[in-house]
Amino acid sequence: MGPAKENVSSQTQNRPNEWKIEQGLAGADLPLLDMTGPETKIIPPQVFGKPTKNVEAIKAVGDRNQLFKMERKGWKGFVEWENHPEKKAAAHKILTLQTFPPNPEFQMGEIPPTNPVLPGTHWKMWHHAIGGELDAVPDDSWKTVLEEKHPDMLHLLQFPYNGEPPKRLVTDQVITPNPLHFVRNHGGIPIINRDDFSFLIDGLVANPQSFTLDDLMDESRFPRVKKTITMQCSGTRRIEQILKYPGQGDEVPQAPWAEGAIGTAEYEGVSLKKVIKACGGLVDGAKHLEFYGAETYFKDDHCMNYIASVPWSKVKANEVLLVWNMNGEPLPRIHGFPLRTMVLGYIGARSVKWLYRIKAIREPSRAPVQSQEYLYFPQQVGKHNFRLTDGIQIQEMPVSSAIMSPWTKQVVVHAGKIRCKGWAYSGGGRWPERVELSADGGFNWYTVPLEHMSKKRTWTWRTWEMDLPCDAEGWIEIVVRCWDNALNTQPPDVRTAWNWGLHVTSSCHRISVYSVNTTKPETKARMDEFERRGVPFAPLTVPLAFPAQTWEDYEKFWEKNGPRDAEDD
Ligand SMILES: Nc1nc2c(c(=O)[nH]1)N[C@H]1C(S)=C(S)[C@@H](COP(=O)(O)O)O[C@H]1N2
Ligand SMILES: [Mo]
């Protein structure tokens with residue numbers, strides 16, 4: 001049967017990116033196939049209308065400059081929501097009387113080639129929609145980024161600011177310089193005067209009270225603690241999950257981190273346990289401590305402060321600090337000035353910045369960051385069926401590692417050994433004991449010599465370097481894995497540990513590089529010829545522009561190895 005007549009038309013039915021759509025390179029444009037009935041139905045994806053705004057009704061809610069005015073003298077950008085249900089109600093009303101642009105598609109669509117990668121458009125709009133003290137927050141926060149962070153930072157999200165150092169700088173030093181330490185924000189950066197600062201400890205403690213920074217710094221009351229701590233975001237290396245199997249795609253909860261959302265610094269402060277003791281200890285069955293951060297977080301058209309919690313057992317072990325210094329300097333504003341918690345060996349999310357309150361409670365916090373996000377789901381659970389109770393609330397980080405050099409898709413010319421470097425870390429007070437590399441996708445493993453690993457310490461990563469033996473040529477897969485002191489190691493591949501929230505990408509980090517091994521005589525000769533002719537080898541895909549072999553050599557080969565055709569006898 002030939003082509004049907006009615007298909008022959010001068011009008012194309014194709015979309016401009018039809019080929020990409022068919023090849024899964026524009027997944028967000030794909031219609032859903034409903035095969036529940038006898039016929040397959042094609043159901044188009046959501047289309048978002050133009051944003052709308054009920055200006056009159058919003059005006060009727062009240063004067064936003066009054067409703068959401070500066071909370072405390074010397075606390076710019078701070079609105080206290082948790083003690084003010086009326087403010088929360090007004091904000092919710094304002095947010096639901098208008099619509100906003102959709103979340104950007106950065107998983108099933110192309111990642112923009114810009115720095116910042118994502119601008120955070122609707123987060124900026126939410127802040128302006130609330131107005132009052134929040135109006136200037138997006139601009140003030142970006143100014144702080146430009147003042148405090150290194151110009152080479154990779155800005156994943158401009159607002160709320162999320163940024164990480166480029167690979168070449170991640171493990172350049174064992175202690176991460178403050179300007180290069182990754183930043184993970186869920187909102188703006190409050191600008192708090194040191195002298196106007198105090199924080200409150202309340203809830204189920206015997207004597208609720210507030211403390212200034214000077215109170216905490218009084219060594220006759222609280223012994224001083226200095227500790228080198230690695231903090232890792234549970235989103236570190238999320239891009240590996242995104243590139244294979246997309247998941248939930250909220251731009252803030254699922255920021256597309258690479259391997260740089262980990263950093264190490266020396267912090268100075270006091271153990272929270274001592275400060276709780278100064279409040280007479282916990283009462284009435286309190287088992288958890290809730291930490292309140294001063295910025296505003298937006299979730300489902302509601303405003304709130306950033307809140308997370310940790311169990312008392314963690315505090316009791318002196319593994320939760322209140323810190324004011326980072327690498328010998330006052331905390332940079334972007335890292336929580338004047339005071340933050342540091343929760344050793346847990347995901348970064350519990351180390352709350354711009355701390356203004358600690359509340360003792362009986363159960364883990366119900367705040368979204370604790371109970372709706374940072375959940376580790378099992379694989380059969382996703383958009384189609386997940387419940388919050390399906391997820392493990394992530395606290396301790398597992399063992400993990402990453403290769404910072406070379407990079408995936410890079411051509412490496414070597415003499416039998418490939419120079420590799422990277423980091424290894426384990427949470428919960430465990431530490432990297434052994435780092436191993438494989439040049440063959442994980443069949444043979446070579447141990448990184450101990451003298452090429454940074455110092456072993458509880459609570460910190462180890463950076464490492466190694467000349468990895470590699471005989472093979474062409475595409476190889478270099479893999480790293482770490483064994484911690486409890487002999488935990490990493491799942492072999494991304495799929496094994498894929499989860500809907502795209503958290504804790506702790507599978508073995510794998511990179512594909514093209515190996516050119518000059519210990520092979522033919523390769524050596526070819527590379528010499530490239531040099532003689534002054535032709536660069538890269539990019540790999542440019543075809544060879546000179547003869548691969550002389551005809552003389554070709555004839556010689558067949559003289560020796562002929563005849564060309566098999567004989568039939
Ligand atoms: N108040 C507040 N604290 C916060 C956050 C935040 O958005 N607000 N982000 C958390 C997360 S998810 C991480 S990974 C760490 C990052 O700390 P850093 O920005 O100092 O590197 O801070 C945590 N503390
Ligand atoms: Mo995080």
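1. Let's start at the ligand. An oxygen atom of ligand 1 sits 2.5 Å from an N or O atom in the side chain of Lys353, a polar contact in the sense of a pair of N or O atoms within 3.5 Å (within protein, one must be able to donate a hydrogen and the other to accept it, and residues adjacent in sequence count only if both atoms are side-chain atoms). The protein covers 100% of the 530 Å² of accessible area that ligand 1 has on its own; such areas come from the Shrake-Rupley method with a 1.4 Å probe, and for residues only the protein chains shown count as cover.

2. A word on what you're looking at: this is a predicted model, where local features need pLDDT of at least 70 and side-chain atom pairs count only at pLDDT 80 or more, while totals for chains, interfaces and linings use all residues. Residues are numbered from 1 along each chain as its sequence is written, chains are lettered from A and ligands numbered from 1 in the order in which they are written, and side-chain values use heavy atoms, with hydrogens and water left out.

3. Back to the contacts. A polar side-chain atom of His335 is 2.7 Å from an oxygen atom of ligand 1. Phe182 takes part through its backbone, with a polar atom there 2.7 Å from a ligand oxygen.

4. Who else is around? Ligand 1 has 20 residues around it, and the nearest are Phe182, Glu295, His335, Arg340 and Lys353; being near takes a heavy atom within 4 Å. The shell splits into 9 nonpolar, 7 polar and 4 charged residues (Ala, Val, Leu, Ile, Met, Phe, Trp, Tyr, Cys and Pro count as nonpolar, Asp, Glu, Lys and Arg as charged, the others, Gly among them, as polar). Strands E6 (183–184) and E12 (288–299) each give at least two residues to this shell; strands are DSSP runs of at least two residues and helices of at least four, numbered from the N terminus.

5. Now some backbone details. The bond from Phe337 to Pro338 is cis, with omega near 5°, and Pro338 lies in the loop between strands E15 (329–330) and E16 (340–343). Gly562 to Pro563 is also a cis peptide bond, with omega near 0°; Pro563 belongs to the segment after helix H14 (551–561). Asp301 isn't a glycine, yet has a positive phi of about 65°. You'll find Asp301 in the loop between E12 and strand E13 (302–311).

6. Finally, the overall layout. There are domain 1 (55–393), domain 2 (400–517) and domain 3 (521–561), with bounds from an automatic or database domain assignment. The C-alpha centres of domains 1 and 3 are 57 Å apart.
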